[in-house]
Amino acid sequence: MSPSPVTGLRRDVAVPDLAPAVPAAHSGRRDRSRGLVTIALFLAPALVLFLLLVITPILVAAYASMYKWNGFGLPEDYVGLDNFTRAFSDPVFQGDLWRAGILIVLSLVIQLPASLGLAMLLNQPLRGRSVYRLLFFAPYVLSEVTTAVLFTLVFSPNRGLGDALSGLLGVEAVFADPDTVLFALFLVISWKYFGFHMILYLAGRQNIPRELTEAATTDGASSWQVFRHVTLPLLGPTIRISVFLSVIGTIQLFDMVWVLTGGGPIHASETMAVTMFQHGFRRFEVGYASAISIIMFLLSLVFALFYQRVVMRRDTEGAITTRGVQ
Amino acid sequence: MTAHISRRSLLGLAGMGTGALLLGACGGGESGDPDGPQTINWWHIQNTEPMLPVWAEMAKEYETAHNNVKVEIQPLENEAFKAKLTTATQAGSPPDLFQSWGGGVLQQQVDAGLVKDITKDVEPWVGELLPAALQPYTLDGKIYGIPFDIGMIGFWYNKDHFDKAGITSPPATWAALLDAVGKLKAAGTVPVALAGKDKWPGHYYWAYLAMRIGGLEALKQAAEQKNFDTPDFVAAGERFKELIDLKPFQRGFLGAEYGSPDGQAATMGNGGAAMELMGQWAPAVQASSSTSKKGIGDRLGFFTFPAVDGGKGVGTDAFGGGNGFAVGRNAPASTVDFLRMLLEVGNQRRSAATGAVLPTNKAAADGIKDPNNQVVAASLASATGFQLYLDQAYPPAVGQQINDSVAELVAGTKRPDQIVKDITTVAKSQ
C-alpha cells in the first residue's frame, strides 16, 4: 500500500484500506472480536444513515418500479416488468440513451482533451499563471442552475449577446432549434466542467517528478515525445478518473437541462433524469418514473463496476486485492 | 398514529425526504374543536405583488378576530408549488389549505383521500359563487374546493399593430384570423407570441379549435371514452396547422418561456408581437415582464376565440379556468371558516381591485376596475358553456401528453392524425 514509486500517487482511489484498523489481528480471538465491536460501533452512525438514505430509497424505488402507481396511497397494481419494457420501447427514452451516448462521446473527444491541453499549457512557466487557473476553474464553482440561467440570458433569441454572435455564424436561437440544442447544451456543460477536469490534470501533472521529464529531454526526446511517452502514461490514473466522473455525470444530467431547456424543444435535449421527472412529478406515473430511475441506477452501477474492474484495474489493484491481507 | 400512517410516513421519509414526516407530524390530531388553539397551514401561489400582501393582510385580520387560530402562509411559485405539493401528497400529508385548479388532479387527490369533502360546510354560502367557477371543484356532486378566481382564455391583441396592418375589426372566424396573420406579416409585424418551451400555451389553440369544431360534447366524450382519435380532433390539429404553416410566431419561440424576460408575455408587453392566446392574467404578466414594467397599456385589447365555419361548437363557449383552494384531510376545524372569510364580498372586491383576480363571488363583480378584466368578466358572464383547461380537466398524464403532442405539432415533427393517436394511447393506459 505504499505510494507508487513512480508517480508518487497513492493508487488506492476507490476503497480505503481498512487493515490498519485491525492492529490486533495476530494476537488472539478475544482481542480480535473486541476490535470488530469497535469497528461496528464506529461504523454504526454512518451505516444507519447510508441504509436509510441510500439503500432504502433504492429498494423502495425497485419495489415501486414493478407497480402501476400514481404515487398516492400504497402501490397495489402489480405489473411486473411492464414499466421496464415500456421504457425501452418508448421513443423518448430510447432518445435519452442515444443523447447520453452523444454527450459522452463529445465529452471524451472534445471536452477532456481540451482540458488536458489547457492543463499542460498552464503547467508551463507563464506570467499570471495562477490568475488563469483561477479564471478557468471559476465556472465550476457556480451551481448548475445559475449556469443555466446565465446561458439562457446569453443565448436569448432577442437580446442575448451570444445569440447575436452565433447569428453572425449563421446559427440562430440555438436553444430553440431541435437540431442544435444538444450541441449548445454540450457547450454549456463543457464551459462549466472543463475547469474542473483541468485542475484534476494539473494536479496529476504536478505529481510527476521533474527528474523523469528531465531525463527524457536529456535523452533527446522532443517535447511531443516527452508528453506522449512520459507525461501521458503517468497521467493515466487521473485521466481514467476524469473519464469516469464525466460518464457518470452525463448519465445523471438533470438540473442544467431542466432549467435551460426543460428537455425541449420536442425532447431534443431530454435526458433520462428529465424523463423520469416528467413522469414522476408531472404525469403522476411514479411507478414508471421509478423504473427509469432504476435503469439509471443499474447503468451507473454496471458502468462503475466494469470500469473499476477493467479500466481502472491497475489503479485500484492495491486497494481491492490486498484488502485484509497484512 | 396508526400503523397505516407510519408506513406512509416511512415511505415519505425514505423516498421524498424528511420534510414530509415533519409535516405529517404537525397535521394530525387538530381537527374537531373550532375553538381550540389551531394552526392553518396555507399554501398559495400568489407569491408576488399584488396579491401576496393582500392574502397576508386577510390572514392577519382573521387571526385578530379569532385569537385561537394561527395562519401559517407558505407562498410558492407555481412550478415550485406543484413539485412541493406532489411530495407532500405522496407522503400522505397535504397542507390544510392549498391551491387547486380542480379537475383531474383534484380527482386524484380525492381518490387518495387527501382532501376533505366540504359540501355540507360550504352549503350556506356557496350559492354566492358563479356556478361555472365551482364546476371544476365539484366531483360526483360533492364539493372539494372553492374557487376565488375565474377567467377565460382569449386573444389579447395590440391595437397599434392591428391598425398598422389595416385590420379594422377583430377576426370573428378562423379564416379571418388566418387572413389577419397574413396582413400582419405583410406589415412587418410578428403576428403571434408563443411560449414553445412551456407547452401549455400551445395546447390552448388545439383545445379551443376542438371545442369550436366538435363542441363541448366532443371533449366530454373523449374523456369518458378515452378516445381522441376522432375526425373532430384531427380537424382541430389541421386547422391549427394552417396557422403554424404561416410561420406566425416570434423568433426562437420553441425555446421561449411564458414569463421570462424574453418570453411570450414580455414579447407582447414590449410591443414585439400583435397577439397572444392567453388567460385573464395576461395584462398583469405582460406589464410586469415588460421592460417598462407597464406593458402596452390601453393599446391592449381582447377578443374571444373565433368560430370555425361548419363547426358544431358555438363561438360563445368559453375555455379557461381559475384558481381555488382545496382543504387538506387533516385541516383544523376553522379552515373552512377562514376560507369563507376569504370569499366574502368585501374581500373578493379587495382581491379584484388588484387586477390579478377575477372574483367568483357574483356580488363582487363591481370590484373589477381594470377595463380589460371587465371585458373578460363580461364575456365569461355571457358564455354559453365552459370547459376547464385540458391539462387540468383530464388526468395529469393525459393532460401532459396533450401538451407534449401539441408541441410536436407546432414544431412540425408530428401530423394532426399522429398526435391524436399518441394522446389516445396515453388516455387508454390510465
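Visitor: How many helices and strands does chain A have, and what makes a stretch count as one?

Guide: Chain A has 13 helices and 2 strands, where a helix is a DSSP run of H or I with at least four residues and a strand is a run of E with at least two, both numbered from the N terminus. Chain B has 19 helices and 11 strands. This is a predicted model, in which local features need pLDDT of at least 70 and side-chain atom pairs count only at pLDDT 80 or more, while totals for chains, interfaces and linings use all residues. Residues are numbered from 1 along each chain as its sequence is written, and chains are lettered from A and ligands numbered from 1 in the order in which they are written.

Visitor: What share of chain A is called buried?

Guide: A residue is buried if 20 or more other C-beta atoms lie within 10 Å of its own, exposed if 12 or fewer do, and partly exposed in between, with the C-beta atoms placed from the backbone. By that rule, buried residues make up 31% of the 326 residues in chain A, and in chain B 53% of the 430 residues count as buried.

Visitor: Why is H267(A) called buried?

Guide: H267(A) has 26 other C-beta atoms within 10 Å, so H267(A) is buried. This residue sits in the loop between α10 (255-260) and α11 of chain A, and H267(A) has a positive phi of about 65 degrees although it is not a glycine. Most residues other than glycine have a negative phi.

Visitor: Why does K247(B) count as exposed?

Guide: K247(B) has 12 C-beta neighbours inside 10 Å and therefore counts as exposed. K247(B) belongs to the loop between α11 (231-245) and α12 of chain B, and its phi is positive, about 50 degrees, although K247(B) is not a glycine.

Visitor: And why is A333(B) called partly exposed?

Guide: Because A333(B) has 17 C-beta neighbours inside 10 Å, it counts as partly exposed. A333(B) is found in the loop between β10 and α14 (335-342) of chain B, and its C-alpha atom is 9.2 Å from that of I40(B), although the two are 293 residues apart in sequence.

Visitor: What makes you say that helix α9 of chain A falls short of a straight helix?

Guide: The expected span is 1.5 Å times one less than the number of residues; for the 29 residues of α9(A), 223-251, a straight helix would reach 42 Å, but the end C-alpha atoms are only 37 Å apart. A kink of about 55 degrees lies at G236(A), shortly before the proline P237(A), the bend being the angle between axes fitted to the seven residues ending at a residue and the seven starting there. The buried residues of α9(A) include L234(A), L235(A), P237(A) and T238(A).

Visitor: How do you know that chain B agrees with a compact globule?

Guide: The radius of gyration is taken over C-alpha atoms, and the globule rule is 2.2 Å times the number of residues to the power 0.38. With 430 residues, a compact globule would have a radius of gyration near 22 Å, and chain B has 22 Å, so the two agree. The C-alpha atoms of chain B fill a box of roughly 70 × 45 × 35 Å along the principal axes.

Visitor: How many residues of the two chains are in contact?

Guide: The contact joins 25 residues of chain A with 26 residues of chain B. On the side of chain A that touches chain B, the largest share, 3 residues, comes from α1(A).

Key
Two residues are in contact if their C-beta atoms, placed from the backbone, lie within 7 Å.
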